[in-house]
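Q: I am new to this structure and would like a close look at a single part of it. Could you walk me through the aromatic rings and what surrounds them?

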Amino acid sequence: MSGGGGLSSGIAASPSLSASITSLKSSKSVIQLAIENHDTLVEAGSRAGAGSYAADHDAMQSLAKDDSACYFFIKMSGAGSKWLFASWVPEGKLKIKDRMVYASSVDAAKKLFGENLIGDELHATSKDELGHQHYQQLRGGSRTDALSAAEKELEEAHAMEERARKEQSEILQKKMATTSVSSSSSSSSGSGAGSGAGGASALTGSPSVARGIASSAESDTSISKPARGGGIGGYHSVAIPLSADAKKAVTRFKGDEVNFVVLEINADSTSVLCGEAATVSGGELGGHVVKDMPRFYLYTVGAKRTFLYLCPGICKPKHRMVYSTAKPAVMGAVTDLLGVQFDKTMEFSDPADLTHKAVEEECSGAA
């Protein structure tokens, strides 16, 4: 294990940040962190309270630079010791690698700060989105009447996801109850009337059986609740099974029959389908990328297998929600159930960035 500055995403807090983070939280209301050299989290600036939460919030607009990303922590008013976490990644201003480093290090930055201290989240790509007025429009006021069409879709997606979580939780409980009854009957008949305490132990002390039940049920649908709810990004993880065609395409990809596979989620979010399975040259890749909808891509570069997730900025919030919640499970299904190991995973928000050259450059540093 590394020292206290080690973070799970591969970045590490600088010694000075590790030593000062506690005092910063007690003395400052605005804390700005940045990533140096793609691997070290450092303090980029901090301010004492400006007299109001709105003023502290608006300070992000002046602190944020047009050509570099960062994270902000703003002490929230009327929320006890809670803080707003904001990520600033200016649209179209950063290299692909820089955007990916910041996207993949969000959880690490929050863990360093203290996830239990975060009361809400904001992800901004323009300075207007960093302003307190914009935040109020997203969070406050007469919500139902004030919501834009996009926000209404996002709230609808939240509701759909919550319903799915409850439904699948009920399915899991029923499976566990059914299997438990079956196991009880089998154990009772197998141990006989004279087993006494030993028979009771077989029924009540079988953690391996309980794990097997949970594992069996979760192979159909996996639901995991986030550490906290409310803010943008605090979504549940929902598994959607691969269709037969999708499994066949991944098997062909595993066997090097094709070097490119497109995976898409069907309209009612019940299955992952194969959109395309082909062998494409580097120069042809852009022509096979879907420009207006999220998609998962499997792509081989040389001897390296990659898992690529593209969610274009023009996508509807509902589609973003479905794909973002399904991503871990889709990748897990491909990796675990079908045995495909990925050398690199990448995320894109601009279709123009998903090129053979970009993937190849990232893979050159993959282990």
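A: **The aromatic rings**

Phe-260 has a relative accessible area of 1%, so this residue is buried (buried means under 20% relative accessible area, exposed over 50% and partly exposed in between, with a 1.4 Å probe and protein chains only). Tyr-297 is buried too, with a relative accessible area of 1%.

A word on reading the model: it is predicted, so local features need pLDDT of at least 70 and side-chain atom pairs count only at pLDDT 80 or more, while totals for chains, interfaces and linings use all residues. Residues are numbered from 1 along each chain as its sequence is written, and side-chain values use heavy atoms, leaving out hydrogens and water.

Rings of Phe, Tyr and Trp (its six-membered ring) pair if their centres lie within 6.5 Å; planes under 30 degrees apart count as stacked, over 60 as edge-to-face and the rest as tilted. The count is 11 aromatic pairs. One of them joins Phe-73 and Phe-85: the ring centres are 5.2 Å apart and the planes stand at 50 degrees, so this pair is tilted. Phe-73 belongs to strand 4 (residues 70-75) and Phe-85 to strand 5 (residues 83-88), so the pair ties together parts 12 residues apart in sequence. Strands are DSSP runs of E, at least two residues long, and helices are runs of H or I, at least four, numbered from the N terminus. Phe-73 and Phe-85 are both buried.

Back to Phe-260 and Tyr-297: their ring centres are 5.8 Å apart with planes at 25 degrees, so the pair is stacked. Phe-260 sits in strand 9 (residues 260-265) and Tyr-297 in strand 11 (residues 295-301), so parts 37 residues apart in sequence are tied together.

Over the face of Phe-113 lies Lys-25, at 5.1 Å from the ring centre; a charge sits over a ring if NZ of Lys or CZ of Arg is within 6 Å of the ring centre and within 35 degrees of the ring normal.

Finally, a word on confidence. The protein chain averages a pLDDT of 74, and 68% of the residues score at least 70, where pLDDT is the predictor's confidence in each residue, from 0 to 100. Over residues 187-237 the pLDDT is below 50. Where pLDDT is low, the predicted coordinates should not be read in detail.

Conventions
Contact = heavy atoms within 4.5 Å.
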